[in-house]
Amino acid sequence: MLEHGGHLINAAEKYNIPINQWIDLSTGINPNGWSIPSIPIECWQRLPESDDGLITAAKHYYQCQSILPVAGSQAAIQALPLLRSKSQVGVLTPAYAEHSYSWKKAGHEVKELIDEKIDDQLDNLDVLILINPNNPTAWRFSKEQLLLWHKKLHQRKGWLIIDEAFIDASSEDSLSNYPATQGLIILRSIGKFFGLAGIRCGFVIGEEKILTQLNEILGPWTISNPGRYVATAALADRQWQQQTRRYLKKQSARLASLLTMNGLQPDGQTDLFVWIQTSEAERVHRALAQLGVLTRLFDRPFSLRFGLPKDEWQWRKLEAALTHISTKATGNK
Amino acid sequence: MSLIVILAILMDYWLGEPQKYHPLVGFGQLANKVEAIFRNKSHSDLQKKMMGCMAIIALVSPFVFLIYFLNQSNYLSLLLSPVILYFCIAANSLKQHSLRVYQALEKADMAQAKKQVGMIVSRETERMTEDDVRKAAIESVLENGADAVFAPIFWFVVVGPVGVVLYRLSNTLDAMWGYKNQRFFYFGWAAARFDDLLNYIPARLTALSYALVGQTWNALKCWKNQAHLLDSPNGGPVMTSGAGSLNLKLGGSAWYHGKRKNKIFFGMEKLPSNNDINNANSLINKSLFLWVSLLVIVDSIGASFA
């Protein structure tokens, strides 16, 4: 299994700081997610039913015609490789590693590509997997570019898989409302923008045939009934979504400027995280952890990802920690 | 051997790039004619690749044989070798081009700076910021140091005049045909691969020299951590080591022919200043000094055993 952010309990033990004194910026999850209403008792007692309104709400929110709810996009990431015979698969590097991992595990030939190489390599690929915006570099791909790549792949019955986990606050870049087409598969997540990572609910958008095959593999009742109830309500809450879009844009701009002021120049920024490439990544990560701030460290290339602080207390704590480590660094010189 | 190299470097330094009658210009025209004969749209992909191979052999082998026979005579060889090497390296012209970018930046003349940098890079200059211009100039200096200075010297030292001519001509063909567009995707394949092959060792030696004459530890760290994220298998080590050695942050996304390409940053934290263009040039000079010193040492050891 691959390592991810969000291991707060682990960090608490390692750095010997009680859990409630940490601020966890190691994921790109909205810390002020959609607030949970009281859940009807039947949700706990009855099996989930597929026509409970989740799909309608999702079709409306994603503006699409055919969609499959899955237990987090991770479920789709693991199942999609099983739908193809041995294929040549291209994944972007550096990027979220789960895609590459699960296609390799299913016996496919996986090539890690940089953006500049995609055009050259496209003729040798059956499947191209991109994350838009990319995690953690925040690179974006234009719709025109993506559709062009899809067209070329589709001519040879290939697939373009776009993981749009972090796109909700800038949904104008999304292809989820593009008419369902063979070979175009979009993954969406309830975890990040809605801040509901715990309910494990995500969606696959694509043509009916693929979704049926996927559903066949995943089986019934993949998402719990309470999870479906919460997701349905969150997807329908237009007002909250609009406020949150504005709020996240402001917050991420604030985070970028706070980091810049402390000598950590952002190299990439989405509405939910800031990415910084620095040869000092490891030192900064450790120094911040010693002060109770958990970030996500990457090593190829050395870089750090910062999620958004939750409230003013967390903002102040982050600011103090950054000031502390930057004065310490200049003090050493 | 070291004497010939020094002589060629001095000629390049004093005379600069030959303005009129540069043999490579004639070779370029010849290459266009050969391309017209060998490249045929109706060929299959594999045929195009094969024709690309044949075109290289047809173009390069006459010159390689000519140089080989001219060098059969010792006296003629002694006379010709420095001239041949001089024609095959371009240390000075590179420096002049980047200096023009530097001067324009110093005068805060962005239009001129973009125009000058546009002459040495393939990316779009239209949307460049000042930082982008500096980066592009420095990246170009580092890259050309490998292609136009150290790789030719390497092949001259290892194989002699035949080696350096072979390298220079194949490098020129790569620059003409090694594109991933419709016209050259298959036909240019061989030229690009052959150039990659010939540059494999020299590029790594160049990267190592950049590291040794600057901030060695940073350079090696960047090389190890970032080189695989760059477009070119040989450019990766050269650029990352150079950026680390100069303690600079280079790279980042850029526009090519109307398309924005997501590219990684590489090197360290500091964004380049105008003066870093000069520092990049002096990194090349120091590396060149290192190479010549080593050659002199190797020669004198060789002489003492003779």
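P301(A) sits in the loop between β12 (296–299) and β13 (302–307) of chain A; helices (H or I, at least four residues) and strands (E, at least two) are DSSP runs, numbered from the N terminus. The peptide bond leading from R300(A) into P301(A) is cis, its omega being near -5 degrees. A cis bond also joins T93(A) to P94(A), with omega near -5 degrees, and P94(A) belongs to the loop between β3 (88–92) and α5 (98–105) of chain A.

I should state the basis of these values. This is a predicted model, in which local features need pLDDT of at least 70 and side-chain atom pairs count only at pLDDT 80 or more, while totals for chains, interfaces and linings use all residues. Residues are numbered from 1 along each chain as its sequence is written, chains are lettered from A and ligands numbered from 1 in the order in which they are written, and side-chain values use heavy atoms, with hydrogens and water left out.

Another backbone feature is N16(A), which has a positive phi of about 55 degrees although it is not a glycine. N16(A) lies in the loop between α1 (8–15) and β1 (23–24) of chain A.

In chain B, consider helix α9, residues 189–212. Its 24 residues should span 34 Å at 1.5 Å a residue, and the end C-alpha atoms are 34 Å apart, which agrees; the expected span is 1.5 Å times one less than the number of residues. Within α9(B) there is a kink of about 45 degrees at Y200(B), shortly before the proline P202(B). The bend is the angle between axes fitted to the seven residues ending at a residue and the seven starting there.

How many salt bridges does the structure hold over all chains? There are 24, each being a side-chain nitrogen of Lys or Arg within 4 Å of a carboxyl oxygen of Asp or Glu. One of them joins E164(A) and R188(A), at 3.3 Å from N to O. This pair links distant parts of the chain, 24 residues apart: E164(A) is in the loop between β6 (159–163) and β7 (184–189) of chain A, and R188(A) is in strand β7.

I turn to the interface. Contact, meaning heavy atoms within 4.5 Å, involves 25 residues of chain A and 23 residues of chain B. Six salt bridges are counted between chain A and chain B. In one salt bridge, K261(B) meets D119(A), with the closest N and O atoms 3.2 Å apart. Among the elements giving two or more residues to the side of chain A that touches chain B are α7 (143–155) and β10 (273–277). The largest share, five residues, comes from α6(A).
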